[in-house]
Amino acid sequence: MPEIPARVRGLLPLRPAFLHILLVLAEGERHGYAVKQEVERRTDGVIKLGPGTLYESIQRMLDRDLIQESARRPPPENDQAQRRYYRLSRLGHEVLRAEVARLAELVDGVRGTLWSTKPA
């Protein structure tokens with residue numbers, strides 16, 4: 001794995017909710033409820049982010065500059081005034097890439113072990 005900058009390394013490993021939220025936002029800006037819906041869709045309902053987990057995670061990621069609130073809004077007929085839209089920050093993108101690489105390395109290592117051993 002390539003050298004990871006200290007500012008990125010200090011944020012790893014990501015909490016599962018952070019990882020799923022960042023993965024959704026890597027595809028584009030979304031409001032909080034749309035993030036929740038997309039996480040559930042992608043995980044076939046296995047991961048359900050309740051309001052507390054979702055909005056606490058969003059606030060912590062804002063505080064750590066992993067995501068940013070977006071000023072762009074959809075047309076008024078497709079929007080609700082109280083919605084806040086979020087996007088991945090540059091740091092969030094770097095952290096997400098590092099976490100995905102870390103997890104891929106972990107899976108690759110375990111895959112070799114699982115396929116070469118037999119259960120007792």
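Helix H5 (residues 90–116) contains 27 residues and spans 40 Å from its first C-alpha to its last, close to the 39 Å expected at 1.5 Å a residue; that expected span is 1.5 Å times one less than the number of residues. Helices (H or I, at least four residues) and strands (E, at least two) are DSSP runs numbered from the N terminus. The model is predicted, with local features needing pLDDT of at least 70 and side-chain atom pairs counting only at pLDDT 80 or more, while totals for chains, interfaces and linings use all residues. Residues are numbered from 1 along each chain as its sequence is written, and side-chain values use heavy atoms, leaving out hydrogens and water.

Which residues of H5 are buried? They are Leu 91, Gly 92, Val 95, Leu 96, Ala 98 and Glu 99, where buried means under 20% relative accessible area (1.4 Å probe, protein chains only). Their cover includes helix H1 (6–9), helix H2 (16–25) and strand E3 (85–88).

His 31 is buried, at a relative accessible area of 12%. Apart from neighbours within four places in sequence, His 31 is in contact (heavy atoms within 4.5 Å) with Arg 83, Arg 84 and Tyr 85.

Next come helices H3 and H4. In H3 (residues 32–42), Gly 32, Tyr 33, Val 35 and Lys 36 meet Leu 54, Tyr 55 and Ile 58 of H4. The residues of this contact divide into 5 nonpolar, 1 polar and 1 charged; here Ala, Val, Leu, Ile, Met, Phe, Trp, Tyr, Cys and Pro count as nonpolar, Asp, Glu, Lys and Arg as charged, and the others, Gly among them, as polar.

Terms used:
Buried means under 20% relative accessible area, exposed over 50%, partly exposed in between (1.4 Å probe, protein chains only). Axes are lines fitted to C-alpha atoms, for helices over the stretch in contact, and angles run from 0 to 180 degrees between N-to-C directions.
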